[in-house]
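Try each task before you read its solution.

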Amino acid sequence: MRYISTRGQAPALNFEDVLLAGLASDGGLYVPENLPRFTQEEIASWAGLPYHELAFRVMRPFVEGSIADADFRRILEETYGEFAHAAVAPLRQLGGNEWVMELFHGPTLAFKDFALQLLGRLLDHVLVKRGERVVIIGATSGDTGSAAIEGCRRCDNVDIFILHPHQRVSEVQRRQMTTILGENIHNIAIEGNFDDCQEMVKASFADQSFLKGTRLVAVNSINWARIMAQIVYYFHAALQLGGPARSVAFSVPTGNFGDIFAGYLARNMGLPISQLVVATNRNDILHRFMSGNQYVKETLHATLSPSMDIMVSSNFERLLFDLHGRSGSAIAELMDRFRQGGGFSVEQDRWSEARKLFDSLAVSDEQTCQTIAEVFASTGEVLDPHTAIGVKAARECRRSLDIPMVVLGTAHPVKFPEAVEQAGVGKALELPAHLSDLFSREERSTVLPNDLAAVQGFVSQHGNRGKPL
Ligand SMILES: *Cc1c(COP(=O)(O)O)cnc(C)c1O
């Protein structure tokens, strides 16, 4: 499989190189040159496969030529064998033909484990084979950091530096990062906000001289391997609910458009998906595009669903690329316009094409809490605030009651106690068994000023298993 950039100017890469790349050299994102397409018979024959085996069937075409079948199978079995639920991504019914797919049974209790636990193992495999070491620098508002650290903790050839805003992530989220100890794991608390952290990561990718020749790898959802891993659970859910003979709809709590883009790809690979609901919080750039064809940056608001607090959705460029007939020059032009003026619309027929599949809703904090309370009253289930946004949007946007609606349950509620408390759900939430001693574990992190030179200095001093590069 070859991968091409959404802006058309960067060289095509194979899977191995795409795994180790961040942005393409032309500023674009990598996508498969040709998407594999499965027949209905082929998909139907996968019913009943264990999750890791289904994952192998769905993802094999993407890694072909880079990862041997036997290695890939073993890596997938290890990755999903670590999840705390035998079904890996179990479905739970909430109402009439309405389901939540629980994607929070991985080690760090959010759906990001599906991709990042795999990414860590794939990196390890490729780096050992090549005899190379890399440095990862990532910014997190909470969930990405812990999943990336957990995924890379056993990778001897990776040093990972995760920047989080000092005193601005929840205690559970912080402890999930800082209590994983290892000479290759470095938590940096920045005296600034999430955007400051992300800016420093971007600047470090742009000028890597401080790394003295060591390669920098991206763990945010611009990394193709993350999207790839998320395609699998759309197939998994559909197969449980009568697919592919029957269509299925999905509602996806969305920030960077990564998770829902994976659903769009699943459909293009042959899975009958009749509708995808884009569910956002008050930071609703995606909703404004889907409802009114306006892609315009606005100020950032802090919400009860912090993992979706974004101003710009980095993966949206991948959808735009398809909507524009895969013209790299058209995307380069649009993105230029976006950078200069802050917004754009697309031609009417392109927007209508998107609207055939996508609907959207922006959900306020108040509605989020209301939904948590309603679902608790009617089912006894406690939803996390991101999942609650998905449920609310599913209920408002649903096109057909005959088609099963699956809401992606993106996090365990114990990660976001503030929203659950505000919703007035009087049920004590407990950490799962493997994290029950989280609050008594030793923490390790370094507080640094909001200063690029300080952060890069720290990385070059500790980037080789804790020693200087
Ligand atoms: C990251 C995250 C999201 C948003 O996912 P995207 O792929 O960025 O759209 C939603 N919910 C939770 C809990 C998350 O951690």
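Before we start, one definition: a helix here is a DSSP run of type H or I with at least four residues, and helices are numbered from the N terminus. Also keep in mind that this is a predicted model.

**Exercise 1. In which helix does glutamate 418 lie, and is glutamate 418 buried or exposed?**

Step 1: Look for the helix that covers residues 417-422; this is α17, and glutamate 418 lies in it.
Step 2: Check the surface. The cut-off for exposed is over 50% relative accessible area. Glutamate 418 has 53%, so it counts as exposed.
Step 3: Now jump to glycine 48, which is 370 residues away from glutamate 418 along the chain. The C-alpha atoms of these two residues are separated by 38 Å.

**Exercise 2. Work out how the rings of tyrosine 234 and phenylalanine 250 are arranged.**

Step 1: A pair of aromatic rings is described by the distance of the centres and the angle of the planes.
Step 2: For tyrosine 234 and phenylalanine 250, the centres are 4.8 Å apart and the planes stand at 70°.
Step 3: Planes over 60 degrees apart count as edge-to-face. At 70°, the pair of tyrosine 234 and phenylalanine 250 is therefore edge-to-face.
Step 4: Tyrosine 234 belongs to helix α9 (residues 224-240) and phenylalanine 250 to strand β10 (residues 248-253), so the pair ties together parts that are 16 residues apart in sequence. Both tyrosine 234 and phenylalanine 250 are buried.
Step 5: Zoom out. The whole structure holds 27 aromatic pairs. There is also an aromatic cluster whose members include Phe257, Tyr264, Phe316 and Phe358.
Step 6: For another kind of ring contact, go to phenylalanine 56: the charged end of arginine 73 sits over its ring, 3.9 Å from the centre.

**Exercise 3. How many of the 13 residues of helix α16 are buried?**

Step 1: Trace α16 over residues 385-397; from first C-alpha to last it reaches 18 Å, close to the 18 Å expected at 1.5 Å a residue.
Step 2: Buried means under 20% relative accessible area. In α16, 11 of the 13 residues are buried, so the helix is largely enclosed by the rest of the structure.
Step 3: Pick some out: His386, Ile389, Lys392 and Cys397 are among the buried residues of α16.

**Exercise 4. Which residues are closest to the ligand?**

Step 1: The ligand is surrounded by 15 residues, and the closest are Lys112, Asp143, Gly255, Asn256 and Thr410.
Step 2: Look at the side chain of lysine 112: one of its polar atoms lies 2.5 Å from an oxygen atom of the ligand.
Step 3: Now try the backbone. An N or O atom of the glycine 258 backbone lies 3.3 Å from a ligand oxygen, and for aspartate 259 a backbone N or O atom lies 3.0 Å from a ligand oxygen.
Step 4: Finish with the cover. Taken alone, the ligand exposes 390 Å², and the protein buries 96% of that.

**Exercise 5. Where does threonine 368 lie, and what does its side chain contact?**

Step 1: Threonine 368 lies in helix α15 (residues 365-379).
Step 2: Its relative accessible area is 1%, so threonine 368 is buried.
Step 3: A polar atom of the threonine 368 side chain lies 2.7 Å from the backbone oxygen of serine 364.

How values were computed: Residues are numbered from 1 along each chain as its sequence is written. This is a predicted model: local features need pLDDT of at least 70, side-chain atom pairs count only at pLDDT 80 or more; totals for chains, interfaces and linings use all residues. Side-chain values use heavy atoms; hydrogens and water are left out. Rings of Phe, Tyr and Trp (its six-membered ring) pair if their centres lie within 6.5 Å; planes under 30 degrees apart count as stacked, over 60 as edge-to-face and the rest as tilted. Helices (H or I, at least four residues) and strands (E, at least two) are DSSP runs, numbered from the N terminus. Buried means under 20% relative accessible area, exposed over 50%, partly exposed in between (1.4 Å probe, protein chains only). A charge sits over a ring if NZ of Lys or CZ of Arg is within 6 Å of the ring centre and within 35 degrees of the ring normal. The expected span of a helix is 1.5 Å times one less than its number of residues. A residue is near a molecule or strand if one of its heavy atoms lies within 4 Å of it. A polar contact is a pair of N or O atoms within 3.5 Å; within protein, one must be able to donate a hydrogen and the other to accept it, and residues adjacent in sequence count only if both atoms are side-chain atoms. Accessible areas come from the Shrake-Rupley method with a 1.4 Å probe; for residues, only the protein chains shown count as cover.
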